[in-house]
Amino acid sequence: MSIGYRSILQLEDTTDAVGVAEEQMHYWLRGKTKGRDRSIERSDWDGPGVHELGERARLTVLGNTSHDGRLRRQLLEFVEDNDHGVWTTRVYAMSSPDSRRYRQTVWFESEGLGRKGQSVAPSPPRIVRNTLETVLAFDGAVPILPEPTMVRGDEAETLFGHITDQERSLSLIIASPIPEVGDEPWRRAVDSITKETMGCASFFVLDQDAHRLLNDLLGAAHSLPLGALRTFVPGVELDDRLDARRHRVLTTMTVLKGLVRKPTTSSAPDRLVFDDRTKRLVSVSPRLQLLEKELPGDLSRATRLLQRQRLIFTEEPSAAGTVAAPETPVAQTPCAVPTPPAAPETSPAPEPALEVAPAPVSEPRAPWMDRLTALVRRILGRETLDEQALQALSERFERQESAVRSAQATTDALQSAKEQLEDEVAALKEHLETERFERAVAETERQAAQRKTRQLEVWRAQRPDHYEFIETPGDVWEDDPVSVVNIVERLTDEKGFEEVRRYVSLTDWERALDDAADIDVIDRSSLYATSFWEYVLVLMDFAKEVDEHGFRGNVHNYLGAGDRVVGRKCPQARHRPNESESVQNNSRWRKERTFTVPTELDPSGKLFMTTHFAPTNRDQNAPRMYYAMGKKDGRTHAYIGYIGTHLTNTKTN
């Protein structure tokens, strides 16, 4: 999935946002004219317009100022075409001293287009880091920083205020301490993960005292384990235990697996840094959070006004031509159209003036007559410059002018329709996110009710003489995971989830971790994570039923057995006992479903899997979990070969 980029920086009220944007753009472009990676020929521009900075780079500058000069808006759009694709960076700036919140604001957008026309995720433009290193930037009261901040002791109270700030729109990524790693080496390690989230999140690293204090303030549901990274998205609700599922945790195990030692050039010890997989796991959520959220009203109005102005500007090349024309010298060419001999005779001036008139009149007229004749030839295909030709030229220009006015009206209408659709899409996204979260909550409640039902069934079967039912607390492995990545962590945890791992395992945890991250991008409410973990536990209970109670049949039969078995079950409709014939007969699709497995399951180390779980019946692009049953250490065992996005079939795109 390709992810664009956006960040919003509020500056101090005494700072001129428009001036900062221009200064930072100049500085950024100057860097592109130097060194081995030079990509543009010049970096200077003067005033609004389209400025060619090289053969494959241009800068568009647009500005808008209110009548009283109190409100100023600006757009600087840099487009660069290089060997990797076309990269567009937009820097918007607004200086609005009378605004309630966004008085001095700079916001950035970036997108990439590959050589084959595909969307490519850009890294945060260097201009963002330059800006953050030059001026103080905030999201309301929350500082936006270019590097992680160390939080010690009582400073955790200030951080707690940032986490619970209901006006916050960017994510906060909090790193709890690792006892074996010193504060500064750990802070530098966290710094290695900030590049892809620059301007989209602020990082904070806790010392041990701050960690204890912050966990006390947050409560159990929102707390951070030692050595973990937690992303707090906007809108934290500490009194809602289920809200905790929105704030993803990268557990200690994944953090430690993602840390690698990078040799230094000096005699200093090796530096700890994060690998690319972990960087991606951390960066996706903050970037999407800002990119998909609707811009605040003041900024949205400024963006649309400048974009409309940009459309008008690019559709009227004559406007640029009127500026450039005086600066472009016009070569003097010999006259190609002879001066009509009758011209001097028709002059009303006295006869002495007629003797000197031809030279000064005919000489200056020759160049523009030449050009006018050439224009008539090019547009009308006529060789003669006469009154009829000029009339035809005039009519042609009138038709073109009418077409331009019509096109402008159409453009305005289309832009208005586009803005209306953007508003509708933003509202639908917000509604969808709410629906997903509520569905995830309902799924959690369903599973809790099902767990109680199973306990009642066991109580009824085993203790018929008891009339009092006592609900027992669930095991640690019955808690919902916060993400699909968390499922991978659980299934590779050698201590905390041994009971599950006796009966269920992943065949390729590294691929599973990458695929899980892709699912988490589209599932910020953790609905899929809840469903997939239920399927894992279903497989565990099925294996127990086979080994301990002699159940005969496969998983599909088990799910349809009703109360004849008391193990955990999900709706049978969520299980697919086989693939369709079209999939089985297609070699490419078979290959997609052939996964790495232990040699005790298949001597080749590869197995074509057909049985799988499907979290939803309706969404053909929803993720799937493929598995195969076998034996391990004498027990019935489920081998999960794949948890990821929907594989190709006749219904997928």
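# Strands, contacts and a cavity in a predicted model

Student: Among contacts in the protein between residues at least 6 apart in sequence, what share joins residues at least 24 apart?

Tutor: This is a predicted model, in which local features need pLDDT of at least 70 and side-chain atom pairs count only at pLDDT 80 or more, while totals for chains, interfaces and linings use all residues. Residues are numbered from 1 along each chain as its sequence is written, and side-chain values use heavy atoms, with hydrogens and water left out. With contact taken as heavy atoms within 4.5 Å, the share of such contacts that join residues at least 24 apart is 63%.

Student: How far apart in space are arginine 310 and leucine 62, C-alpha to C-alpha?

Tutor: Arginine 310 belongs to helix H8, residues 297-315 (helices, H or I of at least four residues, and strands, E of at least two, are DSSP runs numbered from the N terminus). Beyond its neighbours within four places in sequence, arginine 310 contacts Leu62, Leu75 and Glu77. Although 248 residues separate arginine 310 from leucine 62 in sequence, their C-alpha distance is 7.1 Å.

Student: How many of the eleven residues of strand E4 are buried?

Tutor: Buried means under 20% relative accessible area (1.4 Å probe, protein chains only), and 45% of the 653 residues in the protein are buried. Strand E4, residues 72-82, is mostly covered, and its buried residues number eight.

Student: In E5, which residue is the bridge partner of valine 79?

Tutor: Two strands pair if DSSP finds at least two bridges between them. Strand E3 (residues 57-65) runs antiparallel to E4 and is joined to it by nine bridges, with valine 61 opposite leucine 76; in their hairpin, which has six residues between the strands, glycine 69 has a positive phi near 75°. On leaving E4 the chain passes through a hairpin of two residues to E5, and eleven bridges join these antiparallel strands, E5 covering residues 85-95. In E5, valine 79 has as its bridge partner threonine 88.

Student: Is serine 171 buried or exposed, and what is its relative accessible area?

Tutor: Serine 171 is found in strand E11, residues 171-175. Apart from neighbours within four places in sequence, its contacts include Cys200, Thr231, Phe232, Pro286 and Gln289. Serine 171 is buried, and its relative accessible area is 0%.

Student: Which helix supplies the largest share of the lining of the largest cavity?

Tutor: On a 1 Å grid over the protein atoms alone, a cavity is a set of points where a 1.4 Å probe fits but cannot get out, and lining residues have an atom within 4 Å of a point. The largest cavity is lined by 19 residues, with Arg248, Leu250, Leu281, Val282 and Ser285 nearest its centre. Strand E13 (229-232), strand E14 (249-250), helix H7 (276-292) and helix H15 (509-522) each supply at least two residues of this lining. The largest share, seven residues, comes from H7.

Terms used. On a 1 Å grid over the protein atoms alone, a cavity is a set of points where a 1.4 Å probe fits but cannot get out, and a pocket is an open set with protein on both sides within 12 Å along at least five of seven lines; lining residues have an atom within 4 Å of a point. Buried means under 20% relative accessible area, exposed over 50%, partly exposed in between (1.4 Å probe, protein chains only).
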